Structure formats: C-alpha cells, structure tokens
Amino acid sequence: MRIGIFAASLGGGPSLTGVNTYSLALVESLYKYDTENEYVLILSELNRPFYEHITENERWKKIFVKPILVEDFSVFKKIYRVVPMFLPFTEYLKFDYTKTGFVSLPLDVINSLDLIHYTVFNSCSSIPFFVEKPFVVTLHDLRLFYPEFSKKPTDKLYFTHLTMKKILKKVAKKASKIITEVPFVKEDIVRFLNIPNQKIEVLVSPLPDIYTNRLSIIEDLSKVKAKYSLPDKYIFYPATLASDKNHERLLLAIKMLRNKE
C-alpha cells in the first residue's frame with residue numbers, strides 16, 4: 001500500500017509543538033518498524049529540519065508544500081476554497097479539490113496514493129473532503145466546541161471558528177478512521193461530532209527520537225539544570241501558556257499532593 005502522511009507544519013516558524021511532535025513520532029515509528037508499505041511524506045519548508053534523518057529510499061519519498069495563511073487570501077479566494085464544503089452534494093461533483101483548503105496537494109501525488117493520513121488538520125489543511133481516496137485523520141482535541149473557547153458573533157474570528165467546526169464535522173463523517181491519543185477526546189468526538197465509537201481508535205504516540213535520545217544524556221540534563229537553576233527534583237511540563245493547557249489544574253494537583261504529605 002502507498003500511504004501519504006500529511007505532516008506539513010502550519011505554524012509561523014519551525015517548532016515542535018504538540019501536533020508537530022506527534023507527527024514526527026509517528027513518522028519515526030513507521031520508518032523504523034514498517035517494512036511493507038510505501039510512504040509519501042508531505043511536509044512544509046518550516047518543518048524540513050526535523051525530518052532530515054528520515055532519508056528517502058525506494059519506500060520513502062518527501063514532497064514539500066507551501067501553506068498559505070488565511071489572511072493572505074482575498075474574500076473571493078476564501079469563498080472559493082471554503083464555501084463548496086457547505087453546498088449540498090458537492091462531494092459528488094468533479095470539483096477541483098487540489099485547490100480547496102489552504103494547502104494543495106499535487107494531483108499526481110494524490111492519484112499515486114492508496115490512503116492519506118492527515119496528522120495535521122484544521123481549516124488551513126488541504127481539505128480531504130473532496131479527495132476521492134480513503135483517508136484517516138488524527139484529531140488532537142475539540143476545544144472549539146467548548147463554550148469557553150467558542151467565539152461570539154461580535155468576535156473577529158467568529159466566522160472562522162464557525163467554518164472550522166463545520167469542516168471538522170464533515171471531514172470526521174467521511175473519514176475511514178479517526179485517531180486520537182486519549183480516551184476523553186474520543187468521548188468528545190462521539191459527543192460533538194456524532195461519530196460512532198467503532199470508527200475511533202485511541203493510539204498513544206511514542207516520544208520522538210529527539211527527546212528519547214538527547215534528553216536522556218546526563219550531560220544535556222546537567223546543562224539544562226544549570227541554565228535554569230533547577231533543584232534536584234523538578235517537573236517538566238512542555239506546554240504553551242494558554243488556558244486550555246491546564247496549568248492551573250496542574251498546580252492544584254501539586255498542592256493537593258503536598259497537603260497529603
């Protein structure tokens with residue numbers, strides 16, 4: 001089987017955020033252990049450096065796409081790339097799906113694949129809804145559906161978030177399988193997207209080699225400890241300073257543990 005893995009970074013610069021870390025770990029595992037299938041790794045220039053050690057061979061190929069930011073589009077182009085998702089029966093039309101979404105996959109690449117796995121998916125991804133190929137999508141969370149993260153009609157990003165929700169529902173319905181890493185997100189997918197349990201698989205991702213190899217070296221750990229004046233025992237919580245990352249609950253949990261001592 002020839003499988004395409006859409007792992008193009010959609011951020012503003014090279015970084016190993018949670019989603020990009022997941023994609024890298026998945027690719028590394030498949031590269032090490034799968035000796036049967038062929039893969040086309042779909043990346044962007046932003047995350048090229050993190051995949052240099054995945055060398056191309058007869059079973060592994062790389063292509064690079066250029067994500068286009070939503071704000072770079074005129075109103076007409078936004079309509080052209082998004083509105084067809086919401087029209088009746090558009091999935092049955094011969095729509096030029098290589099130009100839907102905000103990252104387009106070359107038609108010859110799409111035609112060469114038997115399956116596509118979207119490890120990165122949001123409104124900036126190439127929309128798999130029109131692709132006449134089986135596809136799998138990894139959903140990392142559904143925070144857009146929670147009231148505290150929803151936008152009000154008066155908010156600047158209200159229609160963007162509304163569009164993302166609609167796209168997510170349609171893509172989830174059409175996907176052959178949905179992957180998530182934790183059971184509570186599976187529950188959210190069933191609850192918010194009305195997807196049956198049997199269509200969702202909970203698969204925990206391993207750590208990428210960059211962490212298991214480099215950070216296990218005592219010398220590297222000593223440098224980090226010295227740089228930040230860390231005590232002998234400390235907790236490392238790799239997350240951005242955003243409310244949905246639950247820093248508050250982590251601190252409350254630590255406080256509860258201290259009170260039990």
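In the predicted model, helix H1 spans residues 18-33 and contains 16 residues. From its first C-alpha to its last, H1 reaches 23 Å, which is close to the 22 Å expected at 1.5 Å a residue.

Two other strands pair with E1. Strand E2, residues 38-44, is joined to E1 by five bridges, and the two strands run parallel. Within this pairing, Phe6 has Ile42 of E2 as its bridge partner. Strand E4, residues 115-118, is joined to E1 by four bridges, again with the strands running parallel. Here Ile3 has Leu115 of E4 as its bridge partner.

The aromatic side chains were examined next. Six aromatic pairs were counted in the model. One of them is formed by Tyr39 and Trp60, whose rings are stacked, with 4.5 Å centre to centre and 20 degrees between the planes. This pair links distant parts of the chain, as Tyr39 belongs to strand E2 and Trp60 to strand E3 (residues 60-65), 21 residues apart. Both Tyr39 and Trp60 are buried. A further pair, Tyr118 and Phe135, is edge-to-face, with 6.1 Å centre to centre and 90 degrees between the planes. This pair also links distant parts of the chain: Tyr118 lies in strand E4 and Phe135 in strand E5 (residues 135-138), 17 residues apart. Tyr118 counts as buried because its relative accessibility is 1%, below the cut-off of 20%. Phe135, with a relative accessible area of 2%, is likewise buried. Tyr118 and Phe135 form one aromatic cluster together with Phe6.

The charged end of Arg48 is positioned over the ring of Phe64, at 3.7 Å from the ring centre. In a second case, the charged end of Lys165 sits over the ring of Phe145, 5.7 Å from its centre.

Finally, backbone geometry was considered at two loop residues. Asn194 is not a glycine, yet it has a positive phi of about 60 degrees. Asn194 is found in the loop between helix H5 (183-193) and strand E7 (200-202). With a relative accessible area of 67%, Asn194 is exposed, since the cut-off for an exposed residue is over 50%. Ser229, a residue other than glycine, also has a positive phi, near 55 degrees. Ser229 is placed in the loop between helix H7 (218-227) and helix H8 (247-260). Its relative accessible area is 64%, and Ser229 is therefore exposed.

Definitions and conventions:
Residues numbered from 1 in each chain as written. Predicted model: local features only at pLDDT ≥ 70, side-chain atom pairs only at ≥ 80, totals over all residues. Heavy atoms only, no water. Buried < 20%, exposed > 50% of the residue type's maximum accessible area, 1.4 Å probe, protein only. Pairing = 2+ DSSP bridges. Phe/Tyr/Trp six-rings, centres within 6.5 Å; stacked < 30°, edge-to-face > 60°. Lys NZ or Arg CZ within 6 Å of the ring centre and 35° of its normal. Expected span 1.5 Å × (residues − 1).
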